[in-house]
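Okay, thanks for coming, everyone. Let me put the sequence and the model up on the screen.

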Amino acid sequence: MRKSALYTVLALLLQLGGCYPDRPVYTDRFLAFGTLVDITIVGASQQQAQEAARAVEEDFLKMHEAWHAWNPGPLGRTNEQLAVGIQFPAPPMILPLVKSGQALSARSRHLFNPAVGHLIDAWGFHDDNPEGHHPPPDAMIQELVLNNPRMSDIRIEGINLQSSNPSVKLDFGAFGKGYGIDLAVKHLKELGIKNAILNTGGDLRAFGSRNGIPWNIAIRRPDGAGVIATIKVSGDESIFTSGDYERYFSWRGKRYHHIIDPRTGYPAEGTRSVTVIHPDSTTADAAATALFVAGPDMWHEIARDMGIEFVMLIDAEGAIHMSPEMEQRLELLDTDRKTIISPPMTGSGTRGS
Ligand code: AMP
Ligand code: MG
């Protein structure tokens, strides 16, 4: 009798051990890229989780130093050499971003354009807190747009870079965080972590689960008050949002936000926020910015070109535009908003209604 009770307890312990319900959820938080990075790890020992979190924090700090366009670090030096048009070896932290930046920019028809650093400077959006700024003069904006800096102006030969356009200035603000999360997740997986979320101010990549229960992610309303929808993560996915509430200043009663339409040189109009789901964070981050610029009329074709299946865009009137694939994935809390479902993102069919 006592023996069978012991076996029952043992069997139960083994079963529980298989999904680690007794292992605590480890959380940590640090500052990088001007935002708080939250890391959640499940299913690892306290020591393993702590070491993994420390490693990721170091990764982020290194990236932050390397990519800050306005510090005299590797990106600052790269920008100086691009401006004078000489050929030079790219710093190792910079080259992969130039390569993926080129590919993603081309696929977005240059709506995502990390070569527009001079425009971002002119607007003052390199500043973490741009409040108190005012718009640059129209003539300056026109000149910066006419200079037409493009990622395709940079020639890559082996590890060497050379720009044929002196107005190219790299700014990784629109996809550096995503790239950083991808690198950090790779590192976490190498360290044996099987379940985690890496969240930089609402932009995140989640993999595995919370003791067998899928990670459930809340998406903020564009006005910042509360949650508009939740999404359950399947396997290993990135969820990125670009919003006009993230960084902005007000001038003479008008609000100017930080996502610039490279075609006009002014903050993109018509969109409040865009949320995308994609396996990798680099693409998700670049795509959220590109689709924000594309706006309600163009997001669908750009998303198709960029290979993005799951998209939700909130327009200036507060209406929700989304792909039917995204509609399937969302638990929408704001059910009273006007909702426009696009044709499917994959295949050539349109929705039969
Ligand atoms: P995100 O919040 O990911 O949409 O990125 C916005 C940041 O990317 C801005 O603060 C700028 O530094 C930069 N940026 C703004 N507009 C663009 C654009 N059209 N293409 C690439 N980077 C941009
Ligand atoms: Mg982005």
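I'll talk through the site of ligand 1.

Quick housekeeping: this is a predicted model, where local features need pLDDT of at least 70 and side-chain atom pairs count only at pLDDT 80 or more, while totals for chains, interfaces and linings use all residues. Residues are numbered from 1 along each chain as written, chains are lettered from A and ligands numbered from 1 in written order, and side-chain values use heavy atoms, without hydrogens or water.

So, who's around the ligand? There are 17 residues around ligand 1, and Leu111, Asn113, Ser242, Ile260 and Thr289 come nearest; near means a heavy atom within 4 Å. By class, that shell has 9 nonpolar, 5 polar and 3 charged residues, with Gly counted as polar. Helix H8, residues 281-306, gives the largest share, 3 residues.

Now the polar contacts, meaning N or O pairs within 3.5 Å. A backbone atom of Ile260 is 2.8 Å from a ligand nitrogen, and Leu111 also has a polar backbone atom 2.9 Å from a nitrogen of ligand 1. Asp171 uses its side chain, 3.1 Å from a ligand oxygen.

Technical notes
A polar contact is a pair of N or O atoms within 3.5 Å; within protein, one must be able to donate a hydrogen and the other to accept it, and residues adjacent in sequence count only if both atoms are side-chain atoms. Helices (H or I, at least four residues) and strands (E, at least two) are DSSP runs, numbered from the N terminus.
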